[in-house]
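The entries below follow the order in which I looked things up.

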Amino acid sequence: PVAMPNLLYTRLKNQSDDVQRQFDQHGLEYTDEIATVVNPILDLNYRFALLLEMISKINSTLDSAELLTRIMEAAREIMNSEASSLMLLDKTTRELVIQIPTGPIKEQITGTRIPCGQGIAGWVAEHEEAVVTEDAATDPRHYGQVDSTSGFKTRSLICVPMRGPNGEILGVLEALNRHDNAPYTQTDIDLFMVLAEQAAIALEKARLHVEELEKQRLEQQLTLAHHIQERFLPSHPPTVQGARLAGMSQSALHIGGDYYDFLLHKDGTVSLVVGDVSGKGAPAALLMASLQAALRAHVQYHGSV
């Protein structure tokens with residue numbers, strides 16, 4: 001089959017050849033009856049090995065786009081199908097959104113939205129159950145709009161739910177039109193469910209990775225803002241005869257609204273300013289910086305507070 005990766009296909013072919021050689025060595029005939037028993041076992045062995053290989057590929061990246069592509073490749077390969085699609089659930093609109101499909105019409109259907117509950121994919125997302133249909137045209141749940149607008153002909157399909165770590169539905173995996181036209185079996189459902197579970201875990205890891213990167217970026221920005229705010233405060237107090245001045249400010253967060261300053265007047269006197277802007281974080285820090293700039297400009301212009 002064209003869809004099989006060369007390495008695994010070679011392993012499967014070698015397995016089949018080894019079985020036949022062993023029959024020949026013992027003077028036994030590898031009959032069609034025996035082949036009908038042995039070949040499904042070899043096929044299952046191949047597909048299980050393929051599943052493990054694909055899971056390894058899925059778990060080796062945290063890039064969301066690359067991850068979705070690998071999941072789609074795995075779905076099509078393991079199900080030996082003409083096309084496959086991964087649909088993620090938009091929690092705001094309750095629609096399934098086709099992400100990165102494979103097959104002859106992938107450009108036409110990417111981004112297509114299907115209301116949850118409509119079509120076989122929508123039914124799977126709503127009922128959280130796997131569905132297999134051998135004749136989509138006769139299944140009342142089939143969402144024929146995609147076929148009618150794209151020209152693609154859905155004959156058979158298998159669709160399974162994708163659940164997150166907490167059991168919530170993240171979307172569905174779907175494979176369409178098996179190459180050998182054989183019916184999908186319970187084994188197909190089991191293999192596809194395993195892939196869907198691993199895909200959901202990998203997507204969650206990728207999401208958390210993006211959140212962690214965003215958190216690190218924000219921490220860096222806040223650290224930089226903290227250093228900038230420190231420069232707004234006096235680096236050392238002025239010298240005043242008969243008095244010793246000192247000041248320190250330590251924000252509860254990276255930045256805040258606490259403020260102190262020493263304002264020098266033209267006549268040599270010093271005004272002490274202490275302030276605590278209501279609130280915390282960036283809004284308070286911005287207000288504090290504006291207040292400091294206004295006070296210093298006022299003193300420089302008017303000569304007094």
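Entry 1, terms. I took a cavity, on a 1 Å grid over the protein atoms alone, as a set of points where a 1.4 Å probe fits but cannot get out; a pocket is an open set with protein on both sides within 12 Å along at least five of seven lines, and lining residues have an atom within 4 Å of a point. A volume is the space filled by probe spheres set on the points, which are joined across faces, edges and corners.

The model is predicted, with local features needing pLDDT of at least 70 and side-chain atom pairs pLDDT 80 or more, while totals for chains, interfaces and linings use all residues. Residues are numbered from 1 along each chain as its sequence is written, and side-chain values use heavy atoms, without hydrogens and water.

I found 2 cavities of 30 Å³ or more.

The largest cavity has about 250 Å³. Of its 22 lining residues, Met 87, Val 146, Thr 154, Glu 174 and Leu 176 lie nearest the centre. S1 contributes the most to that lining, with 4 residues, and the classes are 13 nonpolar, 6 polar and 3 charged.

I recorded a volume of about 270 Å³ for the largest pocket. Its lining includes Ser 64, Lys 91, Glu 168 and Arg 207. Strand S1 (81–90) and helix H7 (186–232) are the elements giving two or more residues, and the largest share, 5 residues, is from H7.

I then checked helix H3 (residues 64–79) against H7: their axes, lines fitted to C-alpha atoms over the stretch in contact, come within 11 Å and cross at roughly 175 degrees. H3 is therefore roughly antiparallel to H7, a label for angles over 145 degrees. The residues of this contact (heavy atoms within 4.5 Å) divide into 14 nonpolar, 1 polar and 1 charged.

How values were computed
Axes are lines fitted to C-alpha atoms, for helices over the stretch in contact, and angles run from 0 to 180 degrees between N-to-C directions. Angles under 35 degrees count as roughly parallel, over 145 as roughly antiparallel, 65 to 115 as roughly perpendicular and the rest as oblique. Ala, Val, Leu, Ile, Met, Phe, Trp, Tyr, Cys and Pro count as nonpolar, Asp, Glu, Lys and Arg as charged, and the others, Gly among them, as polar.
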